[in-house]
Amino acid sequence: MVYSIIQAHKGFIQANSEKNVGSTFQFIIPTIPEKPVSSDDDESLEQVDGCGTILVAEDEEMILSMVKTALELQGYRVLAARDGKEALEIFEKEKDNIGLAFVDHTMPKVSGREVIINIQKTKPQLPIILTSGYTDQDAESLGIGSGNHTAFMSKPYPLPQLFKMVKQMIEES
């Protein structure tokens, strides 16, 4: 898993080992130029006053909890799934109430991509945000980029960016 994340970010792992001394591993990931901060980019945690139901599918408990709590504080009802299979089960029961799906790409049991394909078969107009540690270019090369009411958000993402994208996609649907 670590190796695939490093590769996705165009990096590599260097290993050195000495008998009776131990091993060291270095994770080399290229840097990107730092974007200058301007007052125009200041995104505060303003209240969105959201309404509606959002399906959040994320296998990392800490991220799931953060996203669920943050969206609930914005006024949304959140249905949380810890893997792709659970996401599809919740969707089947609640499909008429769900106004947006927020789906992690890499999950156990059923992948995020498979979750999206199944959701779109039943409810093709449902806005979906796919999230992943992959970059935008990697997402497009995997065939999981934007389009057909689907947007992509790369991890890590700031909460104001999440709120803005959720609000925009719900309004556009």
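Let's start with the sheet. Five strands form an open sheet in the order 4-3-5-6-7, and the pairing is parallel. Two strands pair if DSSP finds at least two bridges between them. Strands (E, at least two residues) and helices (H or I, at least four) are DSSP runs, numbered from the N terminus.

A word on the source. This is a predicted model, where local features need pLDDT of at least 70, side-chain atom pairs count only at pLDDT 80 or more, and totals for chains, interfaces and linings use all residues. Residues are numbered from 1 along each chain as its sequence is written, and side-chain values use heavy atoms, with hydrogens and water left out.

Which strands are at the edge? Strand 4 (77-81) and strand 7 (150-154). Each of these pairs on one side only. On average, neighbouring strands are turned by 20° against each other, direction ignored. Axes are lines fitted to C-alpha atoms, for helices over the stretch in contact, and angles run from 0 to 180 degrees between N-to-C directions.

Now look at one pair. Strand 3 (residues 53-57) and strand 5 (residues 98-104) run parallel, joined by five bridges. Isoleucine 54 stands opposite leucine 100 in strand 5.

Next, the helices on the sheet. Helix 2 (residues 61-73) lies across strand 3, strand 4 and strand 5. Helix 2 runs at about 170° to strand 4. Helix 6 (residues 159-172) lies across strand 3, strand 5, strand 6 (128-132) and strand 7. Its angle to strand 7 is about 180°. Contact here means heavy atoms within 4.5 Å.

Now helix against helix. Helix 3 (residues 84-94) and helix 4 (residues 112-122) pack at about 15°, with their axes 10 Å apart. That makes helix 3 roughly parallel to helix 4. The cut-offs: under 35 degrees is roughly parallel, over 145 roughly antiparallel, 65 to 115 roughly perpendicular, and the rest oblique.

Which residues meet? Gly84, Ala87, Leu88 and Phe91 in helix 3 meet Val115, Asn118, Ile119 and Thr122 in helix 4. The residues of this contact divide into five nonpolar, three polar and no charged. Ala, Val, Leu, Ile, Met, Phe, Trp, Tyr, Cys and Pro count as nonpolar, Asp, Glu, Lys and Arg as charged, and the others, Gly among them, as polar.

Finally, the whole chain. The protein chain has six helices and seven strands. Along the sequence, the pattern is α-β-β-β-α-β-α-β-α-β-α-β-α.
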